[in-house]
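Look at the sequence and the model before reading on.

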Amino acid sequence: MKIAAVQLHIDHKDRAANWDRAEAFMAQAAEQQVDLIVFPEFFIGGPGRKSAVVGGSERFSKLAQRYGMDIVTGTLIERDPDDGKYYNVAYYIDKSGEILLDYRKVHLWAPERKYLTPGNEYKVVKNRFGVVIGLCACWDIIFNEIFRHMCLEQGAQLIIAPAYWTLDDVSDTEMMAKYDRDSEIRLINSLCVARAFENECCVVFCNSAYQSDKDRPQPFGVSAGCSQITVPFRGQVAHCQHDREEMIVADIDVATLTKDAETAYQIRQDWNEGRVFNGPPSKSKL
């Protein structure tokens, strides 16, 4: 699969401009024969209920058909018409326009808990390439438990994580600066590589950008950037080592990489046979 991740410089004042630029990146991706394009969390207008989207998945379905590629929509803030609550929702949409997978963010970052309701499940789906896909978002990646659940329990081979991860949106910025002002960058880079290796999966982490060739104020902090695609054995195969707007592309054989990782490390087999601490019980009769 040829995968693109767009580190988009979000316009927090002009929602329509974000849609236009997303489509422009899709046009570029189509020229490169990309199979799947991924956008960041909250990229239609930023965080907050004011950025709630109506009909966003339907609009993305039309774009998927127009450009002939699968899309992970970043995340869209949506109000559930049944319970009236707001959720942070990601979609995997096939190039035919069909929604194959939806995900409501489970692990909300502290400020998000004031206006969003967490989801309660992680699902996977097999796409047109026969690859088993899982979705999560931003702070989710800190918890290896969800990767184990999707990869080891449900067979996921590719985990995609849209993000809106900033350098200063932490509980104590002074504490962070005391040790290392780049600690969030180190954290993201470490997590993305570790999750790929320890779960024998490929990972797409797609963050927002802090800067580009146009001035767009970022009211919610300095984005860490660091969008990347990581795989077993190799680690980062595409990486924004900066906070500027950029689209990265990598052509990866997900099925072969995950199969070879299992041959080498047998993590999934150990999990299934009950050899992993705090995993499923052993199936041995001894």
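## The sheet

Two strands pair if DSSP finds at least two bridges between them. The model is predicted. In the model, six strands form an open sheet in the order β6-β7-β8-β9-β10-β11, and the pairing is mixed. Its edge strands, β6 (124-126) and β11 (235-239), each pair on one side only. From one strand to the next, the twist averages 20 degrees.

Which strands does helix α5 lie across? Helix α5 (residues 183-199) lies across β9 (202-206), β10 (228-231) and β11. The helix runs at about 35 degrees to β10.

## Two packed helices

Two packed helices are described by the angle between their axes and the distance between the axes. For helix α1 (residues 15-31) and helix α2 (residues 56-67), the axes come within 10 Å and cross at roughly 25 degrees. Angles under 35 degrees count as roughly parallel, and α1 and α2 are therefore roughly parallel to each other. The crossing in which α1 passes α2 is right-handed.

On the α1 side, the contact is made by W19, E23, M26, A27 and A30. On the α2 side, G56, R59, F60, L63, A64, R66 and Y67 take part. Sorted by class, the contact of α1 with α2 has eight nonpolar residues, three charged residues and one polar residue.

Terms used. Residues are numbered from 1 along each chain as its sequence is written. This is a predicted model: local features need pLDDT of at least 70, side-chain atom pairs count only at pLDDT 80 or more; totals for chains, interfaces and linings use all residues. Side-chain values use heavy atoms; hydrogens and water are left out. Helices (H or I, at least four residues) and strands (E, at least two) are DSSP runs, numbered from the N terminus. Axes are lines fitted to C-alpha atoms, for helices over the stretch in contact, and angles run from 0 to 180 degrees between N-to-C directions. Contact means heavy atoms within 4.5 Å. Angles under 35 degrees count as roughly parallel, over 145 as roughly antiparallel, 65 to 115 as roughly perpendicular and the rest as oblique. A crossing is left-handed if the near helix is turned anticlockwise from the far one by less than a right angle, and right-handed if clockwise. Ala, Val, Leu, Ile, Met, Phe, Trp, Tyr, Cys and Pro count as nonpolar, Asp, Glu, Lys and Arg as charged, and the others, Gly among them, as polar.
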